[in-house]
Amino acid sequence: MRDSQVTIKLTSDEALVLSHWLEKLQMTDLSRAVDDPAVWAPVHRIAGTLDKAFPELFSPDYDQRLEAARQRLRPED
């Protein structure tokens with residue numbers, strides 16, 4: 001079991017929103033919510049994978065893309 005891997009599939013919108021949230025988690029006091037240091041290894045791995053998958057993270061219209069993705073993911077009232 002030690003060498004097995006798990007594949008997670010996300011839509012582009014899900015990945016973009018998750019990437020942003022993980023960045024905030026790693027850079028703010030939200031990190032206090034993580035009470036087990038072992039959790040950081042997968043968090044960093046996921047965040048790094050998402051960062052590599054999204055060159056638009058450095059795009060001038062990143063904020064607009066992120067907000068559009070959030071809007072599409074929010075449940076309709």
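**Notebook: a look around the predicted model**

I started with Ala-69, which is found in helix H3. Is Ala-69 buried or exposed? I get 0% relative accessibility, so Ala-69 counts as buried, given that the cut-off is under 20%. I also looked up how Ala-69 sits relative to Trp-21. The two are 48 residues apart in sequence, and their C-alpha atoms are 13 Å apart in space.

Next, Asp-13. I found this one in helix H1. Its relative accessibility comes out at 18%, which is under the 20% limit, so I put Asp-13 down as buried. Which residue does the side chain of Asp-13 contact? I noted Arg-72: a polar contact of 2.6 Å joins the two side chains.

Then I went to the loop between helix H2 (40-53) and helix H3 (62-73), where Ser-59 lies. I had to check the cut-off for this residue. Ser-59 has a relative accessible area of 19%, and buried means under 20%, so Ser-59 goes in my buried column. I also wrote down a polar contact for the Ser-59 side chain, with the side chain of Asp-61 at 2.4 Å.

On to Ile-8, which I placed in the segment before helix H1 (12-27). Buried or exposed? Its relative accessibility is 61%, and exposed means over 50%, so I count Ile-8 as exposed. Ile-8 also turned up in a surface patch: together with Val-6 and Leu-10, this residue makes a nonpolar patch of about 330 Å².

Last stop, the largest pocket. How much space lies in there? I have about 530 Å³ in my notes. I counted 15 residues in the lining. Those nearest the centre of the pocket are Val-6, Ile-8, Arg-45, Ile-46 and Thr-49. Which helix gives the largest share of the lining? That is H2, with six residues. Helix H1 takes part too, since H1 and H2 each supply at least two residues of the lining.

Quick recap for the next page. My buried entries include Ala-69 at 0%, Asp-13 at 18% and Ser-59 at 19%. Ile-8, at 61%, went down as exposed. The side-chain contacts I wrote up are Asp-13 with Arg-72 at 2.6 Å and Ser-59 with Asp-61 at 2.4 Å.

Definitions and conventions
Residues numbered from 1 in each chain as written. Predicted model: local features only at pLDDT ≥ 70, side-chain atom pairs only at ≥ 80, totals over all residues. Heavy atoms only, no water. Helix = DSSP H or I, 4+ residues; strand = E, 2+ residues; numbered from the N terminus. Buried < 20%, exposed > 50% of the residue type's maximum accessible area, 1.4 Å probe, protein only. Polar contact = N/O pair within 3.5 Å; in protein donor to acceptor, adjacent residues only side chain to side chain. Patch = residues over 30% accessible without salt bridge, like charges linked within 9 Å, V, L, I, M, F, W, Y side chains within 5 Å. Areas by Shrake-Rupley, 256 points an atom, 1.4 Å probe, with all protein chains shown as cover. Salt bridge = Lys/Arg side-chain N within 4 Å of Asp/Glu carboxyl O. 1 Å grid on protein atoms, 1.4 Å probe; cavity = no way out; pocket = protein on both sides within 12 Å on 5 of 7 lines; lining within 4 Å. Points joined across faces, edges and corners; volume = space filled by probe spheres on them.
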